[in-house]
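Visitor: I have a structure open and would like to go through it piece by piece. Can we take it slowly?
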Amino acid sequence: MIDLRSDTLTRPTEAMRAAMARAEVGDDVYGEDPTVRALEERVAELFGHEAALFTPTGSMANVLAVRSVVQPGQEVLCESRAHIARAELGAHAAYSGITMRTWIHPRGQVDLPVLRDLFAPDMGPFFVPTAAISVENTHNFAGGAVLPLADLRDLREFATAAGAAVHLDGARIWNAHVATGTPLREYGAIADVLAVCLSKGLGAPVGSLMVGSADAIAEGRVWRKRMGGGMRQVGILAAAGLHALDHHVERLADDHEHARLLAAACGGDPDGVETNIVVVERPDAAAYVQLAREAGILVSAVGPRAVRLVTHLDVSRADAERAAGILAAL
C-alpha cells in the first residue's frame, strides 16, 4: 500500500533511530534533559524568539500558545477551517475557556478587510473582546496553501495597532519556508507566539514546540504539567527532532514535487499545489477512498466530496509515480 493519508505517518529513518539511541537524557520535568534544552534553544533561535517548549503533540502546543495570549472569556479570530477550530476537539474552549469567531476564505488566507470588521475592541463588561488573531501556515484544510509574507506583515501591523496578539499555527511552517524561501525568522517576526511540529513532514515520531517569550514559555511549562504533558527522559524524542532539523527540511521540496505529480494525475492543476497537500473534488469521497484502497492507495475523505492526498518522507519518487498511474486510472 502507498499511504497518502497524512504526513504524520512516517517512520523514523535508521539514521534518526541511531540519533535517538545515543541521545543524552535527563528529567525534563526538572528541566534537566540536555537534548530537550538543545532542541528548545535551537527552535527558539530559528524563529527569533526568546524560548521554546517541547510538547508531545501539536494540539497541546497550540492550546498552550493560544491560552498564553487569550484569557478566559476572551476570543481569538481565525479562518473557518483552521486546525484550532476544526481539528482540536474544542480543546481551547474546554481547557482555556476562550471563544472563537471565524472568517471564510477558500484558500485559508488572511482577509484583512473582513478581519477589521470582525475585530471587537474591549467595550466594557458587555461584549467579548478580541484578544488575538490566529493564522495557519501552511493551511491544512485549504490544501497546504501558503500565506504570503506580505499579508502576514499587514496582519501584524493591524494587530499591533489594535492591541491584539498574533498566534501562528506553524505545524507545517517548514513547508512554507521551503516552498517560498522565506527565512523562518521572518515568519517568527509576525507572531507573538507560535506552534511548530516535528512529526508533520519532518519525519520525527512525535513532538511539537510552543515558541514565544520567556514569560509565555515559563507559564506554558506550568500548564503543560497541569494538562499531564510533563515528560521525563524525553531527550530520546528530542533527538529525533534535532536530526529532522538537520536532515529533513530541505528535502520537503521533493514532497512538493510529488504532490504536483499526483494533482495532475487526478485531473487537477499542479500549479495550484503549493506544498505537499492535494485536495480533489469527487462526487462521493467515501466511495473514492474505498476504490483507491482496493487499488493499493490509502487516501482520506475530508468532506462528503473532498479527498485529501499528502506526500511525505516515506513516499519515494517511484511511489509517487506508481500512485499517479493508479489514481489517473481511477
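This is a predicted model: local features need pLDDT of at least 70, side-chain atom pairs count only at pLDDT 80 or more; totals for chains, interfaces and linings use all residues.

Visitor: Start with the empty spaces. How does anyone find them?
Guide: Rolling a probe the size of a water molecule over the atoms shows where empty space is left.

Visitor: What volume does the largest pocket have?
Guide: The largest pocket has a volume of about 160 Å³.

Visitor: And which residues line the largest pocket?
Guide: The lining is made of Arg107, Ala142, Gly143, Ala263, Gly268, Asp269, Gly272, Val273, Ile277, Val278, Val279 and Val280. By type, they divide into seven nonpolar, three polar and two charged.

Visitor: Which element gives the largest share of that lining?
Guide: Strand β9, residues 277–281, gives the largest share, with four residues.

Visitor: Now the cavities. How many of 30 Å³ or more are there?
Guide: The count comes to one cavity of 30 Å³ or more. About 40 Å³ of space lies in the largest cavity.

Visitor: What lines the largest cavity?
Guide: Its lining consists of Cys78, Glu79, Ala82, Trp103, Gly108, Ser134, Val135, Glu136 and His139. Two elements, β3 (75–79) and β5 (130–136), each give two or more residues to this lining. β5 gives the most, with three residues.

Visitor: How do those lining residues divide by type?
Guide: The lining of the largest cavity has four nonpolar, three polar and two charged residues.

Visitor: Change of topic: helix α1. Which of its residues are buried?
Guide: In α1, residues 14–21, the buried ones are Met16, Ala19 and Met20. Seen down the axis of α1, these buried residues fall within an arc of 100°, so they line one face of the helix.

Visitor: Why would spaced-out residues end up on one side?
Guide: An α-helix has 3.6 residues a turn, so residues three or four places apart point the same way.

Visitor: What is on the face of α1 turned away from the buried side?
Guide: That face carries the exposed residues Glu14 and Ala21. As for the buried residues of α1, what covers them includes α11 (235–247).

Visitor: On to strands. How many residues of β12 are buried?
Guide: Five of the five residues in β12, which spans 306–310, are buried. Ala306, Arg308 and Val310 point one way from the strand, while Val307 and Leu309 point the other way.

Visitor: Which strands pair with β12?
Guide: β9 is one of them: five bridges join β9 to β12, and the two run antiparallel. Within this pair, Val280 stands opposite Val307.

Visitor: What joins β11 to β12?
Guide: A hairpin does, through two residues.

Visitor: Last one, Thr275. Where is it found?
Guide: Thr275 is in the loop between α12 (252–265) and β9.

Visitor: Buried or exposed?
Guide: Thr275 counts as buried because its relative accessibility is 0%, and the cut-off for buried is under 20%.

Visitor: What does Thr275 touch?
Guide: Leaving out residues up to four places away in sequence, Thr275 touches Thr138, Gly144, Val146, Asn175, Ala179, Asp255, His256 and Ala259. Thr138 is 137 residues away from Thr275 along the chain, and their C-alpha atoms are separated by 8.1 Å.

Technical notes: Residues are numbered from 1 along each chain as its sequence is written. Side-chain values use heavy atoms; hydrogens and water are left out. On a 1 Å grid over the protein atoms alone, a cavity is a set of points where a 1.4 Å probe fits but cannot get out, and a pocket is an open set with protein on both sides within 12 Å along at least five of seven lines; lining residues have an atom within 4 Å of a point. Grid points are joined across faces, edges and corners, and a volume is the space filled by probe spheres set on the points. Ala, Val, Leu, Ile, Met, Phe, Trp, Tyr, Cys and Pro count as nonpolar, Asp, Glu, Lys and Arg as charged, and the others, Gly among them, as polar. Buried means under 20% relative accessible area, exposed over 50%, partly exposed in between (1.4 Å probe, protein chains only). The arc is that of the directions from the helix axis to the C-beta atoms. Contact means heavy atoms within 4.5 Å. Two strands pair if DSSP finds at least two bridges between them.
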